[in-house]
Amino acid sequence: MAEELVVHFEKLLTRVDGLLSAVVTDRDGVVLLRANAPNCSPPFTESALGCTFALASDQASKLGLKKNKSIVSIYGSYQLVQFNHSSLITTFVANSNANTGLLLELGSELESVTQVIATALHERHSGAL
Amino acid sequence: MLKPKLISQVLQQATTGGVKATILLNPEGSLLAFAAQSDRDARIYGAIASNIWTIYSKHCKPEVGPLSFLMLECEEGKVAISIVSTMILCLVARDDVELGILKAKSEALTRHLEEPLSRVAGY
């Protein structure tokens, strides 16, 4: 199943112009799934991205607007679109001129996929206990 | 020098159509001016916004470029955070406000405030 998920994520990279990388991590930054566009290596440490989002999302959830769902950060050359999917974090790394709205929609579509991963992890963890 | 009352009036112009608060703060989280329902709300939004900006600023490297904009989507609201000269501008809106209009308002305020704030940035 893991290979199928990686293939699915790699196909996603072709759907949005400028999308360079899709990563699923847990809240500690451990990478579960990774897909990079060919010949692209964005200058971000994937585990650091997950930790950054976890920290920022916890802060954002204290704004009085209930739970944080996603954070978009735009830099000079790149943008990060990150989603809070239960216990997992989905991160898209794209060029700064990529369509942010499309990336946000893509993240919403992927929620059901990451839910499958989160459930499988939870079942494995419960079984191990 | 700056006229704080005028800045608040400029920020007030953005608090329409579902935008609950517009806040100008320094990178340390101290408020310069705000237009919000209460000063307590403005202080909370400002402190958390500056904290989140600092967290994401750590990824700035020469090949990445400077952080220019942050958008946060929560279950009951949206937040846009951007930089104006050396200050941070934060807009907090209800959930039914689209991210595009929030970004447009943020960019309009940034264009308007950039020049006057740059003049006092050196002090």
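I took a salt bridge to be a side-chain nitrogen of Lys or Arg within 4 Å of a carboxyl oxygen of Asp or Glu. The model is predicted, and I counted side-chain atom pairs only at pLDDT 80 or more, while local features needed pLDDT of at least 70 and totals for chains, interfaces and linings used all residues. I numbered residues from 1 along each chain as its sequence is written, with chains lettered from A in the order in which they are written, and used heavy atoms for side-chain values, leaving out hydrogens and water.

Entry one, the count: I found eight salt bridges over all chains.

Entry two, chain A: I looked up D58(A), which forms a salt bridge with R27(A), the closest N and O atoms being 3.2 Å apart. Because D58(A) lies in helix α2 (residues 46-60) and R27(A) in the loop between β1 (19-26) and β2 (31-36), the pair ties together parts that are 31 residues apart in sequence. I took helices (H or I, at least four residues) and strands (E, at least two) as DSSP runs, numbered from the N terminus.

Entry three, helix α3 of chain B: I noted that E107(B) and K103(B) meet in a salt bridge at 3.3 Å, N to O, and that both lie in helix α3 (residues 99-121), four residues apart, about one turn of the helix. I also found R119(B) and E115(B) joined by a salt bridge of 2.8 Å, N to O; they too are four residues apart in helix α3.
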